Amino acid sequence: KGSSLRIDANIFSLTSNTSQRFRISTAIGMTWENYVWEDNIHLENNGDLITPVYPTETTYKKSKLMNFGLHIPIQIFFNFSRDFYLSAGVYGNWFFKQHCMVKNPKERYSIKGVNDLQGGLVANIGCNCFYVIGRYALTPIFKKGEGPKVAPCSIGIGVSIQELFNL
């Protein structure tokens, strides 16, 4: 339990307008995920297992896990009007950089057992260039048998720079 931040930036996108009402879209981009743990829990490799550690004395302010990698979504859009749409689809992530960090004092350390390949379901509801996005991961953050069984579910807001500036 804790807070998280996820930022996706699509670098290249491809859209197929099958009709005025439907379109299929895919993209390639980068994703950054930061999971911040409550109660100053931090993660440690304990042999082949990732375990949460509950400190008796706290010497730091924050503990988090960071993932960075490639993001590929595929979505089907249903346009109700020129400005309003719903979409649903799947996404895949390939994380090639992962580490944990504690702050105050700042210390980074690598962690083994994080799933490099993750994927899930995604849905958007949008108006013009702004949208609400929901994601449900079908793969857990950690590999089976190597850490706690945690699969993120998130709701957030987004801005389509392409739509905002009519690119």
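Here is a short chat about a predicted model.

User: Hi! Where does I133 sit in this one?
Analyst: Hello! In this predicted model, I133 is part of strand β9, which covers residues 130–137.

User: And is I133 buried or exposed?
Analyst: I133 is buried: its relative accessible area is 15%, and the cut-off for buried is under 20%.

User: Which residues does I133 touch?
Analyst: Leaving out residues up to four places away in sequence, I133 touches V122, A123, N124, S154, I155, G156 and I157.

User: What do β3 and β4 form, then?
Analyst: A hairpin, with two residues between the strands. In that turn, G47 has a positive phi of about 70°.

User: What about N79, buried or exposed?
Analyst: N79, which lies in strand β5 (residues 62–79), is buried, with a relative accessible area of 13%.

User: What does the side chain of N79 reach?
Analyst: The backbone oxygen of Q20, at 3.3 Å. Not counting residues up to four places away in sequence, N79 touches Q20, R21, R23, F84 and Y85.

User: Last one! How many residues make up the largest nonpolar core?
Analyst: Twelve, among them Y35, W37, L65, C100 and F142.

User: Which residues is Y35 in contact with?
Analyst: Setting aside neighbours within four places in sequence, Y35 is in contact with S3, S4, S63, K64, L65, N67, I141 and P152. Two of these names, L65 and I141, also belong to that core.

Key: Residues are numbered from 1 along each chain as its sequence is written. This is a predicted model: local features need pLDDT of at least 70, side-chain atom pairs count only at pLDDT 80 or more; totals for chains, interfaces and linings use all residues. Side-chain values use heavy atoms; hydrogens and water are left out. Helices (H or I, at least four residues) and strands (E, at least two) are DSSP runs, numbered from the N terminus. Buried means under 20% relative accessible area, exposed over 50%, partly exposed in between (1.4 Å probe, protein chains only). Contact means heavy atoms within 4.5 Å. Two strands pair if DSSP finds at least two bridges between them. A nonpolar core is a set of buried Ala, Val, Leu, Ile, Met, Phe, Trp, Tyr and Cys residues joined through side-chain atoms within 4.5 Å. A polar contact is a pair of N or O atoms within 3.5 Å; within protein, one must be able to donate a hydrogen and the other to accept it, and residues adjacent in sequence count only if both atoms are side-chain atoms.
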